Amino acid sequence: MVRLGMRPGPGVLGARRRLQRCIATAAERASNARQTARERIQAVDQAKPFAAALTDGFQRQHDYLRISVTERCNLRCLYCMPEEGVPLSPPAAMLTTPEIVYLSSLFVSQGVTKIRLTGGEPTVRRDIVPLMQQIGRLRPSGLRELALTTNGIALHRKLDALVDAGLTAVNLSLDTLDPFQFQIMTRRNGFDAVIKSIDRILEMNRVGANVKLKVNCVVMRGLNEREMLPFVDMGRDKDLEVRFIEYMPFGGNKWSENKMISFQDMVDTIRVAHPGLARLPGHKNDTSKTYQVPGFVGRVGFISSMTNDFCSSCNRLRITSDGALKVCLHGNDEVSLRDLLRADNNGDPIDDAAFERIRQMEQDRHNGRLAAETTLGWGPRERKLLEVIARAVQRKPEKHADMDQLAAMPNRPMILIGG
């Protein structure tokens with residue numbers, strides 16, 4: 001009890017301060033909630049309908065673009081590349097940096113919010129850092145995520161620069177935790193470098209880099225199925241997601257159903273050791289089914305392309321390193337964006353100088369009115385590109401072929417598709 005005329009004691013003053021802080025905190029939360037509500041209302045009011053060019057006949061909206069930036073790779077993984085390698089395309093057939101940046105800009109203008117650079121191995125491309133910097137500048141235009149699929153061999157040397165350029169996510173391919181088995185499955189050395197890249201990402205994330213890390217493991221019977229549990233254990237104290245992938249048929253990888261281990265068999269195997277393995281809520285466009293072991297920091301994913309496809313919610317398009325648009329990973333229909341892109345450059349690769357020359361030509365042709373008539377200022381050529389893209393997307397099938405049909409269908413080797 002406090003007598004009249006006396007100063008309150010320290011305990012009462014402390015209680016008053018705590019009450020004042022609580023009131024101030026509550027007021028701040030209320031203000032933040034009102035601001036968030038206003039921002040959401042404003043976002044809805046300003047939202048544009050998704051571009052028809054990237055919406056297929058089944059109303060799937062393709063807001064995710066994967067771009068292969070090279071055919072070259074410093075590994076020879078069993079499931080990805082034939083043992084004898086693949087014939088590389090001549091340099092003039094490959095997309096140049098201005099062409100990749102232009103196509104990225106075009107797709108972002110139509111609603112793409114996520115771009116992933118793949119290969120081959122994208123980090124072997126000499127200008128991968130400046131390329132990512134230029135694509136990263138599309139954020140004000142609507143790009144939200146800029147990701148990389150890599151084998152990790154050279155990543156640790158370039159990671160800091162890539163993060164500075166805008167990298168937000170890494171999918172790192174690693175099919176074994178045994179250095180000797182690594183040489184068998186990749187036909188190359190490099191295991192220590194891959195682990196160094198994983199450790200470097202986790203180290204950077206501890207200081208706020210916020211790079212989402214997923215480790216992709218293709219499970220093949222007779223090679224690495226016994227390593228699923230060691231991979232799961234990586235997530236005990238590491239904030240990453242290990243994703244087990246069903247072995248898929250591609251040109252030259254000698255696929256057979258006997259080598260494939262199904263998603264359900266993988267889950268059953270892991271549950272023997274971890275009965276509490278539980279499914280986590282996912283997003284409608286997820287390619288993987290995500291699980292978690294109770295008490296583990298990391299997560300476990302399963303990509304079940306062969307036994308339980310996710311075609312009905314597919315939102316992905318692919319551009320190969322030689323400029324072909326593929327609307328389905330397992331389809332063999334392609335359309336060349338490169339040839340159409342180069343039509344105003346006599347079919348030659350477009351470097352920076354040629355890019356500006358074509359832009360100026362279009363501006364002169366339309367007397368300065370071009371920007372209002374096209375998305376990026378390339379006039380009729382740009383409209384033709386969008387028409388070709390729209391027709392290809394409209395032809396996308398409802399789902400890819402069944403397992404037996406895929407095994408017999410001609411398709412590029414995985415190394416030449418990207419990813």
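Trainee: What is the accessible surface of the protein, and what share of it belongs to carbon and sulfur atoms?

Mentor: The model is a predicted one. Its accessible surface comes to about 20,900 Å², and 51% of that belongs to carbon and sulfur atoms. Of the 419 residues, 50% are buried.

Trainee: Which secondary structure elements are there in the protein?

Mentor: The protein has 13 helices and twelve strands.

Trainee: Why are H4 and H6 called roughly parallel to each other?

Mentor: Helix H4 (residues 155–165) and helix H6 (residues 191–206) pack at an angle of about 30 degrees, with axes 9 Å apart. Angles under 35 degrees count as roughly parallel, and H4 and H6 are therefore described in that way. The contact involves Leu-155, His-156, Leu-159, Asp-160 and Val-163 of H4, together with Ala-193, Lys-196, Ser-197, Arg-200, Ile-201 and Met-204 of H6. Six of these residues are nonpolar, two polar and three charged.

Trainee: What makes Thr-375 count as buried, partly exposed or exposed?

Mentor: Thr-375 has a relative accessibility of 35%. Buried means under 20% and exposed means over 50%, with partly exposed in between; Thr-375 therefore counts as partly exposed.

Trainee: Where does Thr-375 lie, and with which residues is Thr-375 in contact, leaving aside its neighbours within four places in sequence?

Mentor: Thr-375 belongs to the loop between helix H11 (370–373) and helix H12 (379–394). Leaving aside those neighbours, its contacts are Ser-109, Gln-110, Glu-382 and Leu-386. The C-alpha atoms of Thr-375 and Leu-386 are separated by 9.8 Å.

How values were computed: Residues are numbered from 1 along each chain as its sequence is written. This is a predicted model: local features need pLDDT of at least 70, side-chain atom pairs count only at pLDDT 80 or more; totals for chains, interfaces and linings use all residues. Side-chain values use heavy atoms; hydrogens and water are left out. Axes are lines fitted to C-alpha atoms, for helices over the stretch in contact, and angles run from 0 to 180 degrees between N-to-C directions. Helices (H or I, at least four residues) and strands (E, at least two) are DSSP runs, numbered from the N terminus. Angles under 35 degrees count as roughly parallel, over 145 as roughly antiparallel, 65 to 115 as roughly perpendicular and the rest as oblique. Contact means heavy atoms within 4.5 Å. Ala, Val, Leu, Ile, Met, Phe, Trp, Tyr, Cys and Pro count as nonpolar, Asp, Glu, Lys and Arg as charged, and the others, Gly among them, as polar. Buried means under 20% relative accessible area, exposed over 50%, partly exposed in between (1.4 Å probe, protein chains only). Accessible areas come from the Shrake-Rupley method with a 1.4 Å probe; for residues, only the protein chains shown count as cover.
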